[in-house]
Amino acid sequence: MVDHYDRSVVASLPEQLAELEAAASVCVRCPLSEGRTQVVFGVGRPDADLLFVGEGPGREEDLAGEPFVGRSGKLLDRLMAEEIGIDRSQCYIANVVKCRPPDNRDPRPEEIASCRPYLDRQIALLQPSVIITLGNFATRLLLETGDGIKKLRGHVYPYGSAQLVPTYHPAAALRSGAPVVAEMRADFVRAKRLLPGAVGR
Ligand code: URA
């Protein structure tokens, strides 16, 4: 018999995501919590087919409480519009770590490990068909490899029931210029073709 008082049975997907976000918002599992303005949990639609996973919030994201709102985010928005034909309200965007590393340093292995349950649960709830990992941190974490993005991109990898498409971090594309942006565009097109309803496009 279904216990109607068991919230794990009756809570809707948006409710479960909101509960996870509420738990994350007071997280003190690692020292990154000490320097944050707020936790940057993620943004987008709970029924998204496409999930982007970045590295971690920067200064602007820490202030805004939303991933990819700075320069990298502008490039991400542009590429998703031009190559996939969507805006950020039609997908979901999350990061490996939910709190800003000080001075934009790389997240440390123990910080990534502390934060991982939040990303794992986001993926389990969202059940995206396609995951685009942006840069080394997200790609290495989810593919459990030490290989670099340059080697890993250009291919599609299984990730549970999803397909994972690794690409460069937009900040790397901003630093490196047109050839890297062109490869990101190709990766986004690759991801688009994997999305439900893409057959024949
Ligand atoms: N870089 C990231 O990896 N994530 C953000 O949210 C912003 C910049």
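**Exercises on helix packing**

In this predicted model, the buried residues of helix H10 pack against strand E2 (50–54), helix H5 (71–84), strand E4 (130–134), strand E6 (162–167) and helix H9 (170–176).

**Exercise 1.** Determine which residues of H10 are buried and how they are placed around its axis.

*Solution.* Helix H10 covers residues 178–194 and has 17 residues. From first C-alpha to last it reaches 25 Å, close to the 24 Å expected at 1.5 Å a residue. The buried residues in H10 are Val180, Val181, Met184, Asp187, Phe188 and Ala191. They lie on the same side of H10, because the arc they cover around the axis is only 115°. On the other side, Ala178, Pro179 and Arg193 are exposed.

**Exercise 2.** Classify the orientation of H2 relative to H6 and describe their contact by residue class.

*Solution.* Helix H2 (residues 13–25) packs with helix H6 (residues 109–126) at about 175°, and their axes are 10 Å apart. An angle over 145 degrees counts as roughly antiparallel; H2 and H6 are therefore roughly antiparallel to each other. H2 contributes Leu13, Gln16, Leu17, Leu20, Ala23 and Ala24 to the contact, and H6 contributes Tyr118, Arg121, Gln122, Leu125 and Leu126. By class, there are 8 nonpolar, 2 polar and 1 charged residues.

**Exercise 3.** Carry out the classification for H6 and H7.

*Solution.* H6 and helix H7 (residues 136–143) pack at about 75°, with axes 12 Å apart. Angles of 65 to 115 degrees count as roughly perpendicular, so H6 and H7 are roughly perpendicular to each other. In the contact, Ile112, Arg116, Leu119 and Ile123 of H6 meet Phe137, Leu141 and Leu142 of H7. These residues divide into 6 nonpolar, no polar and 1 charged.

Technical notes
Residues numbered from 1 in each chain as written. Predicted model: local features only at pLDDT ≥ 70, side-chain atom pairs only at ≥ 80, totals over all residues. Heavy atoms only, no water. Helix = DSSP H or I, 4+ residues; strand = E, 2+ residues; numbered from the N terminus. Expected span 1.5 Å × (residues − 1). Buried < 20%, exposed > 50% of the residue type's maximum accessible area, 1.4 Å probe, protein only. Arc of directions from axis to C-beta. Contact = heavy atoms within 4.5 Å. Axes fitted to C-alpha atoms, helices over the stretch in contact; angles between N-to-C directions. Parallel < 35°, antiparallel > 145°, perpendicular 65-115°, else oblique. Nonpolar A, V, L, I, M, F, W, Y, C, P; charged D, E, K, R; others polar.
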